Amino acid sequence: MNNSSIYSRAPALGNNFLEELAFINLQEFLEKVNYICDLETNGQLSPQAAYEQIWELWKNHYEQSQLVFEKILFGTTASAV
């Protein structure tokens, strides 16, 4: 079974572009969190530093997601109103 489409980086420019963009943003967030966790597990990053980096990633991901979801739901962002 070929799962290469699951890991696709480029969204297909179709009707679901924003949904695909949200999914890609989530994938990138999870990959970065996984990398930070690996560094912490291997002792190359302290637990506190890992927590702080993941928290910053989460804040950025959340902000980006909010903008995408506002665009999906309302066709515009709240900041543009």
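Which residues make a nonpolar surface patch of about 470 Å²? The views below start with that patch. This is a predicted model, in which local features need pLDDT of at least 70 and side-chain atom pairs count only at pLDDT 80 or more, while totals for chains, interfaces and linings use all residues. Residues are numbered from 1 along each chain as its sequence is written, and side-chain values use heavy atoms, with hydrogens and water left out.

**View 1. The nonpolar surface patch.** Tyr51, Trp55, Trp58 and Tyr62 make the patch of about 470 Å². Patches are made of residues with over 30% relative accessible area and no salt bridge; like charges are joined within 9 Å, and nonpolar side chains (Val, Leu, Ile, Met, Phe, Trp, Tyr) within 5 Å. Accessible areas come from the Shrake-Rupley method with a 1.4 Å probe, and for residues only the protein chains shown count as cover. Tyr62 is partly exposed at 43%, and Trp58 is partly exposed at 37%. Buried means under 20% relative accessible area, exposed over 50%, and partly exposed in between (1.4 Å probe, protein chains only).

**View 2. Aromatic rings of Phe29, Trp58 and Tyr62.** These three residues form one aromatic cluster. Rings of Phe, Tyr and Trp (its six-membered ring) pair if their centres lie within 6.5 Å; planes under 30 degrees apart count as stacked, over 60 as edge-to-face and the rest as tilted. The count comes to two aromatic pairs. Trp58 and Tyr62 form a tilted pair, 6.0 Å centre to centre with 40° between the planes. Trp58 and Tyr62 are four residues apart in helix α2, about one helical turn.

**View 3. The salt bridge in helix α2.** The count comes to one salt bridge (a side-chain nitrogen of Lys or Arg within 4 Å of a carboxyl oxygen of Asp or Glu). Glu56 and Lys59 form this bridge, their closest N and O atoms being 2.9 Å apart. Both lie in helix α2 (residues 47-74), three residues apart. Helices (H or I, at least four residues) and strands (E, at least two) are DSSP runs, numbered from the N terminus. Glu56 is partly exposed at 40%, as is Lys59 at 33%.

**View 4. Helix α1 and His61.** The buried residues of α1 include Asn25 and Phe29, and α2 is part of what covers the buried residues of α1. His61, in helix α2, is buried at 9% relative accessibility. Leaving aside neighbours within four places in sequence, His61 is in contact (heavy atoms within 4.5 Å) with Asn25, Leu26 and Phe29. Just after α1, Gly43 takes a positive phi of about 80°.
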